[in-house]
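These are my notebook entries on one structure.

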Amino acid sequence: RLLEAARGRGTDAALETTGYCSWEDLENICRRVNHVFFDIKSLDPQKHKRDTGVDNKLILENFRRLRRRFPKLDITVRTPVIPGFNNSPEDIRAIAGFLEETPGATQHELLPYHGFGEPKYQQLGMEYPLREIKPPGKARMEIMKEAMRQTGSKP
């Protein structure tokens with residue numbers, strides 16, 4: 001109701017998602033927003049499962065379905081560049097290639113990893129699993145952007 005009221009008043013509404021949810025929930029919310037920020041971290045299913053705890057099959061299928069069901073919806077795909085996980089040119093080219101094969105994504109952003117979530121873990125009394133990871137430097141991010149451009153994507 002809140003999203004419907006906002007849109008009814010001309011207020012933009014956006015969704016940030018990992019895409020790891022039921023299609024019904026995603027479709028229901030996307031009917032009520034005008035922009036989606038969709039994380040795609042890796043195309044490698046084993047790596048994704050090992051490092052995030054979940055398989056990426058549902059995420060990628062939900063993205064494909066989203067593009068088919070809402071072809072005019074603005075979608076920004078975000079890829080957090082995480083050292084030791086997806087910070088190779090091959091990883092980024094694979095994601096960019098997937099986006100090229102799944103037309104409609106309006107933008108693809110590479111975001112350098114940051115540890116901003118660590119305080120949330122502390123508040124919950126949990127150990128932050130990425131404590132030792134340092135953000136990628138500007139030079140590394142330029143390499144990743146160049147890998148993206150090699151597929152025809154624009155960072």
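I note that the model is predicted: local features need pLDDT of at least 70, side-chain atom pairs count only at pLDDT 80 or more, and totals for chains, interfaces and linings use all residues. Residues are numbered from 1 along each chain as its sequence is written, and side-chain values use heavy atoms, with hydrogens and water left out.

Entry 1, the helix pair. I looked up α5 (residues 89-101) and α7 (residues 138-149), whose axes come within 8 Å and cross at roughly 40°. α5 is therefore oblique to α7 (angles under 35 degrees count as roughly parallel, over 145 as roughly antiparallel, 65 to 115 as roughly perpendicular, and the rest as oblique). I listed the contacts (heavy atoms within 4.5 Å): P89, I92, R93 and A96 of α5 meet R140, I143, M144, A147 and M148 of α7. These residues comprise 7 nonpolar, no polar and 2 charged.

I found P89, D91, I92, I95, A96, F98 and L99 to be its buried residues (under 20% relative accessible area, with a 1.4 Å probe and protein chains only; exposed is over 50%, partly exposed in between). Their cover includes α3 (45-52), α4 (57-69), β3 (74-81), β4 (107-112) and α7.

I located K41 in the loop between β2 (35-39) and α3. Is K41 buried or exposed? K41 counts as buried because its relative accessibility is 19%. Leaving aside neighbours within four places in sequence, I recorded K41 in contact with T18, H48, T52, T79, P80, F85, N86 and I95.

Technical notes
Axes fitted to C-alpha atoms, helices over the stretch in contact; angles between N-to-C directions. Helix = DSSP H or I, 4+ residues; strand = E, 2+ residues; numbered from the N terminus. Nonpolar A, V, L, I, M, F, W, Y, C, P; charged D, E, K, R; others polar.
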